[in-house]
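The sequence and structure come first.

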Amino acid sequence: AAKNACIGGRQWNRALMLLAELRSLGVPRSAVTYNAMINGCRAGAQWVRALCVLEEMVASSYQPDAITFNSLMSVYGLGHRWELACEVLSWMQVKRIHPN
């Protein structure tokens with residue numbers, strides 16, 4: 001709930017700090033948590049932070065899904081990082097996930 005309040009209030013930095021706190025406390029995260037954090041990075045066009053969350057997601061053995069990829073393309077677009085958005089599209093094709 002706190003995570004969603006931070007993201008909804010465009011306080012992406014607090015949301016990401018919450019993710020770090022969950023990690024340090026050993027609280028399990030889920031794909032939904034990571035997707036929400038990536039989506040929250042859109043508020044400030046924080047594409048670098050979104051990439052870091054993606055890397056942590058994959059390192060934690062969670063597989064990106066259509067929500068992950070769509071959120072990444074959105075934040076990369078807002079950050080004017082079109083080449084990264086194109087890489088996401090390629091990755092989606094490899095994973096046989098259709099953009100929506």
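Which residue forms a salt bridge with R81, and how far apart are the closest N and O atoms? The partner is E83, and the closest N and O atoms are 2.3 Å apart. A salt bridge here is a side-chain nitrogen of Lys or Arg within 4 Å of a carboxyl oxygen of Asp or Glu.

The model is predicted, so local features need pLDDT of at least 70 and side-chain atom pairs count only at pLDDT 80 or more, while totals for chains, interfaces and linings use all residues. Residues are numbered from 1 along each chain as its sequence is written, and side-chain values use heavy atoms, with hydrogens and water left out.

**Salt bridges**

The structure holds two salt bridges. Besides the pair of E83 and R81, E56 forms a salt bridge with R29. E56 lies in helix α4 (residues 47-59) and R29 in the loop between α2 (12-25) and α3 (31-40), so this pair ties together parts that are 27 residues apart in sequence. Helices (H or I, at least four residues) are DSSP runs, numbered from the N terminus.

| Salt bridge | Closest N and O atoms |
|---|---|
| E56 and R29 | 3.6 Å |
| E83 and R81 | 2.3 Å |

For accessibility, buried means under 20% relative accessible area, exposed over 50%, and partly exposed in between (1.4 Å probe, protein chains only). E56 is buried at 15%, and R29 is buried at 16%. E83 is partly exposed, with a relative accessible area of 39%, and R81 is partly exposed at 26%.

Two packed helices are described by the angle between their axes and the distance between the axes. Axes are lines fitted to C-alpha atoms, for helices over the stretch in contact, and angles run from 0 to 180 degrees between N-to-C directions.

Helix α5 (residues 66-78) packs with helix α6 (residues 82-95) at an angle of about 165 degrees, and their axes are 8 Å apart. The two are therefore roughly antiparallel, a term for angles over 145 degrees. On the α5 side the contact is made by F69, N70, L72, M73, Y76 and G77, and on the α6 side by W82, L84, A85, V88, L89, W91 and M92; contact means heavy atoms within 4.5 Å. Eleven of these residues are nonpolar, two are polar and none is charged. In that division Ala, Val, Leu, Ile, Met, Phe, Trp, Tyr, Cys and Pro count as nonpolar, Asp, Glu, Lys and Arg as charged, and the others, Gly among them, as polar.

The axes of α4 and α5 come within 9 Å and cross at roughly 160 degrees. This pair, too, is roughly antiparallel. α4 contributes W47, A50, L51, L54 and M57 to the contact, and α5 contributes T68, L72, V75 and Y76. The division is eight nonpolar, one polar and no charged.

S71 is found in helix α5 and is buried, at 7% relative accessibility. Leaving aside neighbours within four places in sequence, S71 is in contact with N35, I38, N39 and R42.

G79 is found in the loop between α5 and α6 and is buried, at 18% relative accessibility. Leaving aside neighbours within four places in sequence, G79 is in contact with A45 and W47. G79 and G44 are 35 residues apart in sequence and 8.6 Å apart in space, C-alpha to C-alpha.

Note on methods
Parallel < 35°, antiparallel > 145°, perpendicular 65-115°, else oblique.
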